[in-house]
Amino acid sequence: MAAARPLAVAIMGPTASGKTAAALEIARRIPSEIISVDSALVYRGMDVGTAKPSREELTEAPHHLIDIIDPADAYSAMQFRQDALRLSMEIAARGRLPLLVGGTMLYFKVLRDGLDELPQADPALRAQLDEEAARVGMPAMHAKLAALDLATAERLKPNDSQRIQRALEITLLTGQPMSSLLSQKAAEPLPFDLLPLALEPSERAVLHERIALRFDLMLAGGALEEEVKALRARGDLHLGLPSMRCVGYRQMWEYLDGDIGLPEMREKGIAATRQLAKRQLTWLRSMPDRVVVDCNRADATDRVVAEVEQALAGRKTG
């Protein structure tokens, strides 16, 4: 007898680990729809630097949460959870398998653990904090946060402007440290069973080679440069926006500003991508129930597919 709760599959991993290829192979063998779990793919007009699936890949299976907002706007983890839960249940109701695919580990975390009731952004307070940060610098803002919420400050780097200012905003709006608010919220159960698959490298050096190759492909023929030039030409985008802080875009923006040369831009872009991959792997290793597949193996995609097929077969016989 089929299980009452539908199954959804999470395909997680660092950048350049082969998540898209694995998801598309599953979709070729099993009726599926793909839900992007990527905080950069939501932006329209940001295709090259985000390694967005190609037009051909997008036509192989239905995709969701790609190209849904303008780069001037923001998309929160709360919005993602609401959208992902709704889409997963709609896909399951169509008799298809929901595939949650991406590398934004915060999105996976809030999907599984629920979201805390944190206040929405306050434009006036945010503008005040932006002005203060420009005047005193981020280390001083980090010190201010430490005085109000030491637990949160200790887990944030002094130059993590976005998260430092959000933590200050929450603390000032609620009168409580953000760490205290986060600890008060119980996890919300998912309405489906989740199979967490993680593509992780047995040798980090191989992943680093893939990252460098992919970044060079973005630079080839000036593709990333032209994309960022078009975004700059709009006139309403700046490096303070979450979209323009995406890896690759910030470095190219600095190059176009004349702050760094082309070789340094490439080095900084690759280094930033490696740091992103390192953070993604740290998040993954905090998920003890994940099924790990070595992304360095030639048969990594087949192994991911086999795990999914085995899980589906087990539900039919269970």
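Which residue takes a positive phi just after α12? G258 does, at about 85°. The structure is a predicted model, in which local features need pLDDT of at least 70, side-chain atom pairs count only at pLDDT 80 or more, and totals for chains, interfaces and linings use all residues. Residues are numbered from 1 along each chain as its sequence is written, and side-chain values use heavy atoms, with hydrogens and water left out.

Helix α12 spans residues 249-256. Helices (H or I, at least four residues) and strands (E, at least two) are DSSP runs, numbered from the N terminus. The buried residues of α12 are Y249, Q251, M252, W253 and E254. Buried means under 20% relative accessible area, exposed means over 50%, and partly exposed lies in between (1.4 Å probe, protein chains only). The cover over these buried residues includes α10 (204-219), α11 (223-233) and α13 (262-284).

The loop between β1 (7-12) and α1 (19-29) holds A16. G13 and G18 lie in the loop between β1 and α1 too. UniProt, in an unreviewed entry, places a "binding site" feature at G13, P14, T15, A16, S17, G18, K19 and T20. A "binding site" listing, also from an unreviewed entry in UniProt, gives T15, A16, S17, G18, K19 and T20. UniProt positions are given in the numbering used here, feature names are shortened, and annotations may be inferred rather than shown by experiment.

G13 is buried, because its relative accessible area is 0%. A16 has 14% relative accessibility and therefore counts as buried. G18 has a relative accessible area of 34%, so G18 is partly exposed. T20 lies in helix α1. With a relative accessible area of 32%, T20 is partly exposed.

Contacts (heavy atoms within 4.5 Å) were then listed for three of these residues, not counting residues up to four places away in sequence. G13 touches K19, G102, G103, M105, L199, Q280 and L284. G18 touches L199 and R210. T20 touches E57 and V101.

Phi of A16 is near 70°, a positive value in a residue other than glycine. A51 is also a residue other than glycine with a positive phi, near 55°. A51 is placed in the loop between β2 (32-36) and α2 (55-60). The relative accessibility of A51 is 28%, so A51 counts as partly exposed.

Strand β4 (residues 97-102) contains L99. Is L99 buried or exposed? L99 counts as buried because its relative accessibility is 0%. L99 touches V9, A23, I26, S32, E33, I34 and I35, not counting residues up to four places away in sequence. L99 and A40 are 59 residues apart along the chain. Their C-alpha atoms are separated by 18 Å.

Helix packing was examined for one pair. Two packed helices are described by the angle between their axes and the distance between the axes. Helix α5 covers residues 123-136, and helix α8 covers residues 161-174. Their axes come within 10 Å and cross at roughly 130°. Axes are lines fitted to C-alpha atoms, for helices over the stretch in contact, and angles run from 0 to 180 degrees between N-to-C directions. The two helices are therefore oblique to each other. Angles under 35 degrees count as roughly parallel, over 145 as roughly antiparallel, 65 to 115 as roughly perpendicular and the rest as oblique.

The crossing of α5 and α8 is right-handed. A crossing is right-handed if the near helix is turned clockwise from the far one by less than a right angle, and left-handed if anticlockwise. On the α5 side, the contact is made by L125, R126, L129, D130 and A133. On the α8 side, Q165, R166, L168, E169, L172 and L173 take part. By class, this contact has six nonpolar, one polar and four charged residues. Ala, Val, Leu, Ile, Met, Phe, Trp, Tyr, Cys and Pro count as nonpolar, Asp, Glu, Lys and Arg as charged, and the others, Gly among them, as polar.
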